[in-house]
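Here is a short briefing on one protein structure. Keep the sequence and the 3D view open while you read.

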Amino acid sequence: MGKVAVAFASAAVVAACSVAAVMVRRRVKSRRKWRTVVEILKEFEEGCDAPVGRLRQVVDAMAVEMHAGLASEGGSKLKMLLTYVHDLPNGTEKGTYYALHLGGTYFRILRVHLGGERSYLDVQDVERHPIPSHLMNSTSEVLFNFLASSLERFIQKEGNESNSQGVIRELAFTFSFPVKHTCISSGVLIKWTKGFEISEMVGKDIAECLQGALNRRGLDIHVAALVNDTVGALSLGYYHDPDTVVTVVFGTGSNACYLERTDAIIKCQGLLTTSGSMVVNMEWGNFWSSHLPRTAYDIDLDAESSNPNDMGFEKMIAGLYLGDIVRRVILRMSQESDIFGPSSSVFSQPYVLRTNSVSAMHEDDTPELQEVARILRDLGLSDVPLKVRKLMVKICDVVTRRAGRLAAAGIAGILKKIGRDGGGGITSGRSRGEMQMQRRTVVGVEGGLYMNYTMFREYMEEALVEILGEEVSQYVVVKAMEDGSSIGSALLVASSLQS
Ligand code: BGC
């Protein structure tokens, strides 16, 4: 070999070696980044861990807080609000009633015809629309004018058939926010939740605001009841099955209500009702306990929300927030490594990842996770490798598993308070000291998160059995209810006007 050839050969060897060295360096770097991501995931997973022992502590805390909230006004973060609903619909109701439901993401209007027998419940017309986002931080005038005009259009569409005698239409206003009631048909807004921020409405009578807007339009509609969505759902649940004593909503927000004995509502002594009981709106979204597995991501989410230091439980289990917890974990991962590539800045945008995308990614059963790839592409992230897509699914799983398990602990807490958990229960602060005879207990559940996110539902139901044990679980029936809160509120108007 000539000198020139030798020089070329050694230059080629040097070049090949440096290319190899660069590649090795890159591989080492990328392995290091992946290790960082795995460590973040591990730390997050440990932070979210909710083994059954911990869930039982949450169950106990829920039952104790319920008791404290019933004992005195402000005695607990659980408001345990009186609803003045003591007689639930029993199937004998008759007539045509309307419901307007302002939820967290949608509003619905419907008309129900009742024929005086349980089997004769005819939901004649239902409209469901997304709430225009500008309304959430507008003014009370804008909000109520919008609701009144939507109702006006609904009624115009029905022509004269359903109201040929020109009688006043009786309406239930299902209002999915915390209200302090003075009677079933009126109450003032305590605070907004779920991102709504119309501060001048806090302290105002909500039914009066709606009635005013309806009157200004000359509509013959009477706001006969102001109903929390959980309470509406309980009414429908009870109408179909009188063993229904608890209902829970898992939607944009979360809450529960249940039937309580009036003598256990100590903060309102002398409360007399014909049935001896009253539905209590727990507003459980505000529940807090040091046993809840809280991570740094939850703390940041809370601090940056429109209602910091408020609704801590809701922020761990409800639809509005699950997507944003996932987003925060991904953001940290992409800040500490570049596994999502240059477009990952999209994850700096609050609430850019919605819970319905989380559920679609989590339940993606295609071998190559094509649904995950599609959702990431829609967010501007193309060609995300399979192993990163798998990582996404894992994060969704951790967040939703924790949510489902905590939701189950919440339900078991209520069952414990009313003595339907197979133990002694808690009554007025003292334990009964004896095992309760187990009775069939129906827990009605509604809300988009529960209805549309199978994995959430499965984690919740699995954890409920773990907490209660197989034997007691046989007596606890969890029943899904679609549109229960709106239909049930209309039923409640019927029963309250008839009683
Ligand atoms: C509200 C509750 C409501 C729940 C479910 C919460 O944010 O405070 O009143 O029942 O969402 O819609």
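Two strands count as paired if DSSP finds at least two bridges between them. By that rule, strand 2 (residues 94-102) and strand 3 (residues 106-115) pair in the antiparallel sense over nine bridges. The model is predicted.

**Ligand site**

- The ligand is surrounded by 14 residues. The closest are Thr193, Asn228, Asp229, Glu283 and Glu314.
- By class, the shell around the ligand has four nonpolar, six polar and four charged residues.
- The side chain of Thr193 places an N or O atom 2.8 Å from an oxygen atom of the ligand.
- Asn228 has a polar side-chain atom 2.9 Å from an oxygen atom of the ligand.
- Phe177 takes part through its backbone: a polar backbone atom lies 3.4 Å from an oxygen atom of the ligand.
- How much of the ligand does the protein bury? Taken alone, the ligand exposes 310 Å², and the protein buries 98% of that.

**Strand pairing**

- Strand 2 and strand 3 are joined by a hairpin through three residues. Leu102 stands opposite Phe107 in strand 3.
- Strand 2 also pairs with strand 5 (residues 169-175). These two run parallel, with five bridges between them. Here Tyr98 stands opposite Leu171 in strand 5.
- Strand 3 also pairs with strand 4 (residues 121-130). They run antiparallel and share nine bridges. His113 stands opposite Asp122 in strand 4.
- Strand 3 and strand 4 form a hairpin with five residues between them. In its turn, Gly116 has a positive phi of about 90°.
- When you inspect these strands, keep one general point in mind. In a regular strand the side chains alternate between the two faces of the sheet.

**Salt bridges**

- Side chains of opposite charge can pair when their charged atoms come close.
- How many salt bridges are there? With a cut-off of 4 Å between the side-chain nitrogen and the carboxyl oxygen, the count comes to 29 salt bridges.
- Asp338 and Lys33 meet through their side chains in a salt bridge (3.0 Å, N to O). This pair links distant parts of the chain, 305 residues apart. Asp338 sits in the loop between helix 8 (319-336) and helix 9 (355-362), and Lys33 sits in helix 1 (residues 3-48).
- Asp338 is partly exposed, at 46% relative accessible area. Lys33 also counts as partly exposed, at 22%, because the buried class ends under 20%.
- Asp324 forms a salt bridge with Arg327, and their closest N and O atoms are 2.6 Å apart. Both residues lie in helix 8, three residues apart, about one turn of the helix.
- Are Asp324 and Arg327 buried or exposed? Asp324 counts as buried, because its relative accessibility is 0%. Arg327 is buried too, with a relative accessible area of 2%.
- Glu466 and Arg405 meet in a salt bridge between their side chains (2.9 Å, N to O). Glu466 lies in helix 13 (residues 454-468) and Arg405 in helix 11 (residues 386-417), so the pair ties together parts that are 61 residues apart in sequence.
- Glu466 counts as partly exposed at 34% relative accessibility, whereas Arg405 counts as buried at 3%.
- Asp241, Asp243, Arg440 and Lys479 form one network, joined by salt bridges that share partners.

- Glu283 has a positive phi of about 50°, although it is not a glycine. Glu283 lies in the loop between strand 11 (277-281) and helix 6 (296-303).
- Glu283 is buried, with a relative accessible area of 6%. Glu283 is also among the closest residues to the ligand.
- Where does Asn309 lie? Asn309 is in the loop between helix 6 and helix 7 (314-317). Its phi is near 60°, a positive value in a residue other than glycine.
- Asn309 counts as exposed, because its relative accessibility is 66% and the exposed class starts over 50%.

How values were computed:
Residues numbered from 1 in each chain as written. Predicted model: local features only at pLDDT ≥ 70, side-chain atom pairs only at ≥ 80, totals over all residues. Heavy atoms only, no water. Near = heavy atom within 4 Å. Polar contact = N/O pair within 3.5 Å; in protein donor to acceptor, adjacent residues only side chain to side chain. Areas by Shrake-Rupley, 256 points an atom, 1.4 Å probe, with all protein chains shown as cover. Nonpolar A, V, L, I, M, F, W, Y, C, P; charged D, E, K, R; others polar. Helix = DSSP H or I, 4+ residues; strand = E, 2+ residues; numbered from the N terminus. Buried < 20%, exposed > 50% of the residue type's maximum accessible area, 1.4 Å probe, protein only.
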